[in-house]
Amino acid sequence: MEVKRDILWRVYLAFLLIVVFSIIIIGRAIYIQQFQGAHWLAEAKKDMQRYMETDAERGTIYSEDGAMLSTSIPYFDIYIDFGAQGLRDKNGKRFTENIDSLSLGLSSLFKDLSQQEYKTLLQNGYRKKSRYFLFKKNITFQEYKTLRTLPLIKQGKDKSGFIAEVRDKRLNPFVLLANRTIGLSREYVDSDGKVKSTNVGLEKTYDSLLKGETGKKLMQKVAAGVYVPVDGSEIDPKDGKDIVTTLDVNIQDIAENALLKVMQENECSNGTCIVMEVKTGKIKAIANLGKRPDGSYWEDLNYALRASEPGSTFKLATMLSLLEDKYITLDQHVNLEGGAWKYMTRTVFDSEEHGKYDVTVQQAFDASSNVGMAKLVTTYYNKNPNQYINHLKKLRFDKYSGIDLLGETPPVVKTPKSKTWSGTSLPWMSFGYEVLISPLQSLMLYNAVANNGKMMKPYLVNSVQENGQVIKQNEPEILEEAICSPATLKALQKSLRSVCNTPGGTGYRLFLGTPYEVAGKTGTSQVANGNRGYADHIHQSSFAGYFPARDPKYSVMVVIVNKPFASKYYGAAIAGPVFKEIADKLYALNADEDKSNESFRVARMKRDSSNYFYAGQADDLRLIMDAVQMKYKDSVKKDEWSRMYAVNYQPVINGQPVSKKAMPDVRGMGLKDAIYLLENMQLKVNVQGRGKVSTQNILPGTPINKGQAVSIGLN
């Protein structure tokens, strides 16, 4: 009896506990539903839905002449939501009715799988009700356009389940052209899963403007780790702004190819070439090439912004200091000691043992004598080195150039307070050692001399645009109104012209026979190779200058580092030819575009390797030949159209009769002359190409009618 009562009591207690716990659970549920329901529903919804960022379309970088230098191309990732409600209507009728034609279309479009293989792939996904299945990755815009026309897909994503995710890829249409300066926008995911950028060049400098503002889109969770977009919930991204640079594609191409050709021929290690517009400081071209392990060349580093010992091109700054302080004149004499001068514990050597002793300062500069510069500087600045150094600081050699491009390495101008200053620092600085400046900083000095003493701030970006409208315009900026007195400036300009136009000048042979005058300076220096110092005999070749010397339009700096133990390394032999090719081609280019500039037109005549030089009005040709004091033979009547030939290297002007009833021969003419002549004959002219006329679709002498169309090709 007692046992039975005990069992009943235990059952009763168990039942009571169940009732109590049930009441607690029900009460808790009621409490949650009544008082915390909204909170937990929101938490559940948060887990099922989330906002994901969408990238903005990155802005485009343009050249000054409108060519795209870096732009974004859309690529598409295609997903399929086989669980989409519209795809599974009426037992999958829509899917089964379209699968054969869709599979055929996919096979024809992508050509990677057969129709049957695509059909099997789609059927498996449909059977498994796969959500957000990755179907295709990185298809092009053209492929995407065609894909949208295929059966089932053209019904829209709600009915087909096909979803497109667009992504942009950065593209440099010109590949190597100014690649390092423009920079490609690249992103990668680090070990922590964070997206990081590896941008360089303008892509990095102007990243905040180019990248725009990210948007957001609401994504619905449909399976573990699988989300699909929710229509109508997007916050659109704001596209990036466009950058219009100062670069000219034609000039950049000329500079890049001239540099590459010389470096390949001589197996050089690295090099840079910068072309600046004298009056404004605009960078028209900037080429940087480094040698790869396989022997090819690529724009790997921006050598134009990397400080190094400049060598003999720095002697212009030394000349400026001495002339400005009125310590010397160009006619003053200096003893070159035969090319070697011992100073304290070291010996200053000229690049070759020339055996010269008593020469003028101008002759010492022409010959690029280290001894001459070192002796002059120690004579006049040894007791007060800061007087010399202050001139270097006024030339801004101790400051960054200020160019709108990241990556410039710091310059170094020693002073007596520097830890590495020694008793021989001053004379070695005079010819470009124990001082570190970038090629761009050197160019700023030469450009200032070309620009009548005004030092311009170099810049690469003309404007920032949004939807085609300019929102920021950059203007030329003067850093130094006058780097020296007018008298010093005149002497410097004369000195630079002498280097390139006087026998004995290091640039004289380089420019023999050119129809234009150059002002410039060669440079050759040894380059330290890490801990090995100068043991590997690595030389840096440079040339800095401007042209036309009397009315400069462009200044150019070329710096090339040669291979170890190179047999040819002088500035005039390595860097000089790069400068000359750029100058030749820019003159030719301007000769075709600027008919009014006589020196440009003469350059065009002289550069033509064929027998035929030029065509145009006879009076124009006479004006040019008289202006440059060139003898010529002339048998042409006044106002007659003419051709100029070379007969035994003697210019000859011959007439070309022009009849309004017959097609004239315009081959060889500049565009302006050809247009002027043909439109005066009331012909409609179609033009293709640039340069001088090389082809015409109507043969000379062919009868023509008023209003007839004629096509001319320029090359």
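These legends describe close-up views of a predicted model. Local features require pLDDT of at least 70 and side-chain atom pairs pLDDT 80 or more, while totals for chains, interfaces and linings use all residues. Residues are numbered from 1 along each chain as its sequence is written, and side-chain values use heavy atoms, without hydrogens and water.

**View 1. The salt bridge between D77 and K137.** A salt bridge is a side-chain nitrogen of Lys or Arg within 4 Å of a carboxyl oxygen of Asp or Glu. Here the N to O distance is 3.4 Å. D77 is in strand β3 (residues 68–80) and K137 in strand β4 (residues 133–139), 60 residues apart; strands (E, at least two residues) and helices (H or I, at least four) are DSSP runs, numbered from the N terminus. D77 is buried because its relative accessible area is 3%, where buried means under 20%, exposed over 50% and partly exposed in between (1.4 Å probe, protein chains only).

**View 2. The salt bridge between E337 and K375.** The closest N and O atoms are 2.6 Å apart. E337 lies in the loop between β14 (333–335) and β15 (340–343), and K375 in helix α12 (residues 370–381), so the pair ties together parts 38 residues apart in sequence. E337 is partly exposed at 28% relative accessibility, whereas K375 is buried at 15%.

**View 3. The salt bridge between K399 and D398.** Their closest N and O atoms are 3.5 Å apart. K399 is partly exposed, at 36% relative accessibility, and D398 is partly exposed at 31%.

**View 4. A network of salt bridges.** R58, E203 and D207 are linked in this network. A search of the whole structure finds 23 salt bridges.
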